Amino acid sequence: MSRTPAASFDRNTVYLESLAWIPDSPHRSRIVILALTAWVLGFDLLWALSSADEGSLLYGLIDEPAHLATCGIALILVLLSGQILSRTFVLSALLASVVIDLDHLPQHLGVETITAGTPRPYVHCALAVILLCVGGLVLPRGRPLMFGVAFGFAAHLARDVVTGPGVALALPFSESAFRLPYLLYGGALVVVAGACLASTMPGSLRSARPGAEQR
Ligand SMILES: [Zn+2]
């Protein structure tokens with residue numbers, strides 16, 4: 001039996017009942033996406049205008065909240081698509097989207113053991129995401145956790161490939177940096193935010209549809 005996205009979202013609300021900060025309707029979700037996008041693009045623009053180095057520790061004050069926001073936007077988009085996400089998955093993804101950067105600490109302390117020869121530490125690679133996905137498939141009990149961490153890592157890498165020196169995605173097979181233009185990331189956020197804005201405007205097709213949820 002098929003179900004509507006709104007119905008799926010309502011089930012998510014019940015499932016994620018203790019996470020009060022998760023928007024409890026598609027309408028509020030789109031508002032949150034707009035706010036997160038404005039946050040990310042606004043601070044990225046300020047940093048770019050300052051011409052400061054993206055390798056400095058200070059950049060973390062801009063970058064880590066932006067990673068968290070990017071993961072949050074991706075999670076909300078998944079929820080809006082009608083998927084049901086467990087609490088463990090959501091929390092794991094959000095935490096992993098920032099915790100992965102702890103592997104930079106040795107480098108800042110002068111230890112290059114997990115950084116030598118690459119633009120970012122070794123955990124920053126596609127293999128880490130793949131191994132977590134395989135682990136989730138092999139170990140059903142740990143699936144929400146592993147899939148959640150994999151989601152968070154993937155969301156993190158999506159931003160890292162457009163900032164700083166890029167990411168050696170193909171580690172351990174290649175140490176070459178993979179770098180895409182920031183415009184792709186920023187443009188994707190703008191497109192998503194634009195779609196959210198259009199669907200929250202009075203008179204939009206979605207809000208005009210009988211029964212469309214506007215809580
Ligand atoms: Zn990173």
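The structure is a predicted model, in which local features need pLDDT of at least 70 and side-chain atom pairs count only at pLDDT 80 or more, whereas totals for chains, interfaces and linings use all residues. Residues are numbered from 1 along each chain as its sequence is written.

The chain has 9 helices and 0 strands, where helices (H or I, at least four residues) and strands (E, at least two) are DSSP runs numbered from the N terminus. Along the sequence the pattern is accordingly α-α-α-α-α-α-α-α-α. Of the 215 residues in the chain, 31% are buried; a residue is termed buried if 20 or more other C-beta atoms lie within 10 Å of its own, exposed if 12 or fewer, and partly exposed in between, with C-beta atoms placed from the backbone. Among contacts between residues at least 6 apart in sequence, 64% join residues at least 24 apart, two residues being in contact if their C-beta atoms, placed from the backbone, lie within 7 Å.

The packing of α4 on α7 has an angle of about 35°, with the axes 7 Å apart; axes are lines fitted to C-alpha atoms, for helices over the stretch in contact, and angles run from 0 to 180 degrees between N-to-C directions. This crossing is right-handed, a term used if the near helix is turned clockwise from the far one by less than a right angle, and left-handed if anticlockwise. On the α4 side the contacting residues include F89, A93 and L94, which with others meet a set in α7 that includes F147, F151 and F153. The residues of this contact divide into 13 nonpolar, 6 polar and no charged, with Ala, Val, Leu, Ile, Met, Phe, Trp, Tyr, Cys and Pro counted as nonpolar, Asp, Glu, Lys and Arg as charged, and the others, Gly among them, as polar.

The axes of α3 and α4 come within 8 Å and cross at roughly 150°. That angle makes α3 roughly antiparallel to α4, given that angles over 145 degrees count as roughly antiparallel, under 35 as roughly parallel, 65 to 115 as roughly perpendicular and the rest as oblique. The crossing of α3 and α4 is right-handed. Here E64, H67, L68, C71, G72 and L75 in α3 meet V90, A93, L94, S97 and V98 in α4, and the residues of the contact divide into 7 nonpolar, 3 polar and 1 charged.

Helix α2, with 25 residues (26-50), should span 36 Å at 1.5 Å a residue, in agreement with the 36 Å between its end C-alpha atoms. Its buried residues are P26, S29, R30, I33, L36, T37, V40 and D44, and the helix is followed by S51, whose phi is positive, near 60°. A35, also placed in α2, counts as exposed because it has 12 C-beta neighbours inside 10 Å.

L180 is found in the loop between α7 and α8 (182-200) and is partly exposed, with 13 other C-beta atoms within 10 Å. Not counting residues up to four places away in sequence, L180 touches V161 and V162; L180 and V161 are 19 residues apart in sequence and 5.8 Å apart in space, C-alpha to C-alpha.

Conventions
The expected span of a helix is 1.5 Å times one less than its number of residues.
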